[in-house]
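Student: Can we go through this model together? I'd like the overall layout, then the details.

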Amino acid sequence: MKKYYLHNGTESSGPFDIEELKEKKITKKSPVWFEGMLHWKTAGEIPELNQLFVTNPPPYPLFETAETTPKIATKKEARKILGLPKNLFFIASVAIMLLIVINVLKNIEENRSRELRIKNHKTEVENTQLELKQKELDEQKIQAIIQEKIDAERTSRALTQNANNRLLKIVKLLADYQNNVIETKKKLQNTSGFKLLRTAEEKKQQMDLLQKNIDSFKNEINLLKNESNQLKLEMEKIPN
């Protein structure tokens with residue numbers, strides 16, 4: 001409720017409400033001030049104080065009293081809104097509006113907080129899913145590396161085994177070709193010194209054939225040795 005201050009020219013007094021101002025019997029020229037005013041004004045310049053200066057009419061004859069009473073009541077009722085004094089009605093209206101605004105702002109804030117919580121939860125879920133997916137990818141990479149290592153070891157073992165098998169076979173072939181060379185040389189020696197009923201041309205042909213066989217065996221021996229050396233070099237490059 002609004003409070004008013006009075007000034008008698010030397011000092012101020014108050015605060016007073018309207019009912020208290022009635023008891024002060026102020027006039028329209030009485031200086032009045034209330035919170036929100038920049039300067040003092042006279043009571044007659046303040047609309048809500050004009051009711052203090054309404055002149056009451058003299059008493060009406062008794063037989064007319066019954067008719068005048070409703071008029072006075074009408075004036076009193078005219079100062080009320082929805083059964084409340086005008087000032088109290090306005091104050092109540094402002095209070096209700098403030099409550100409505102506060103509730104609206106509160107609902108807006110709650111909605112924002114709810115949306116923020118939902119957004120944060122969604123972000124956490126997405127981050128968790130990304131972490132799980134990343135872990136799965138890392139696990140797949142590890143498994144791929146392990147499988148690659150297993151395959152490489154299997155390949156190395158297979159290459160080593162094949163090379164060893166081939167080396168063993170080469171050793172056997174070399175031994176066979178060496179024996180063939182030795183046997184053929186003996187035949188060549190026997191042929192050159194053995195005399196039969198044959199012409200010189202036939203002897204020469206036999207010796208040429210044997211020598212050709214010896215050269216062929218030696219050539220195969222060289223090829224096998226080269227192959228053996230190459231296999232040994234390749235085996236050194238095979239990862240253990």
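Tutor: Below we take the chain as a whole, then the sheet, then the helices. This is a predicted model, where local features need pLDDT of at least 70, side-chain atom pairs count only at pLDDT 80 or more, and totals for chains, interfaces and linings use all residues. Residues are numbered from 1 along each chain as its sequence is written, and side-chain values use heavy atoms, with hydrogens and water left out.

Student: How many helices and strands are in the protein chain?

Tutor: The protein chain has 4 helices and 6 strands. Helices (H or I, at least four residues) and strands (E, at least two) are DSSP runs, numbered from the N terminus. From the N terminus on, the order is β-β-α-β-β-α-β-β-α-α.

Student: What share of the residues is buried?

Tutor: Buried residues are 15% of the 240 in the protein chain. Buried means under 20% relative accessible area, exposed over 50%, partly exposed in between (1.4 Å probe, protein chains only).

Student: And the contacts in the protein chain: what percentage join residues at least 24 apart?

Tutor: The figure is 52%, taken among contacts between residues at least 6 apart in sequence. Contact means heavy atoms within 4.5 Å.

Student: On to the sheet. What is the strand order?

Tutor: The order is β2-β1-β3-β4, in an open sheet of 4 strands with antiparallel pairing. Two strands pair if DSSP finds at least two bridges between them.

Student: Which strands stand at the edges?

Tutor: β2 (12-16) and β4 (41-42) do. Each has a single partner strand, so one side of each is left without a neighbour in the sheet.

Student: Take β1 and β3. How many bridges?

Tutor: There are 3 bridges between β1 (residues 4-7) and β3 (residues 31-34), in the antiparallel sense. Y4 has F34 as its bridge partner. Y5 is partnered by W33. L6 sits opposite V32.

Student: What about β1 and β2?

Tutor: That pair is antiparallel as well, over 3 bridges. L6 faces S13 in β2, and H7 stands opposite S12. The two strands form a hairpin with 4 residues between them, and G9 there takes a positive phi near 105 degrees.

Student: Which side chains of β1 are buried?

Tutor: Y4 and L6 are buried and point to one face.

Student: How many bridges join β3 to β4?

Tutor: 2 bridges, with the strands running antiparallel. V32 stands opposite K41 in β4. This hairpin has 6 residues between its strands, and G36 in the turn has a positive phi of about 110 degrees.

Student: Now the helices. At what angle do α3 and α4 pack?

Tutor: About 160 degrees, with the axes 9 Å apart, for α3 (residues 86-193) and α4 (residues 200-237). Axes are lines fitted to C-alpha atoms, for helices over the stretch in contact, and angles run from 0 to 180 degrees between N-to-C directions. α3 and α4 are therefore roughly antiparallel to each other, a term for angles over 145 degrees.

Student: Which residue classes make up the contact of α3 with α4?

Tutor: It has 16 nonpolar, 11 polar and 9 charged residues. Ala, Val, Leu, Ile, Met, Phe, Trp, Tyr, Cys and Pro count as nonpolar, Asp, Glu, Lys and Arg as charged, and the others, Gly among them, as polar.

Student: Last one, S156 in α3. Is S156 buried or exposed?

Tutor: S156 counts as buried, at 9% relative accessibility. S156 touches I238 and P239, not counting residues up to four places away in sequence. S156 and N240 are 84 residues apart in sequence, yet 7.2 Å apart in space, C-alpha to C-alpha.

Conventions: Angles under 35 degrees count as roughly parallel, over 145 as roughly antiparallel, 65 to 115 as roughly perpendicular and the rest as oblique.
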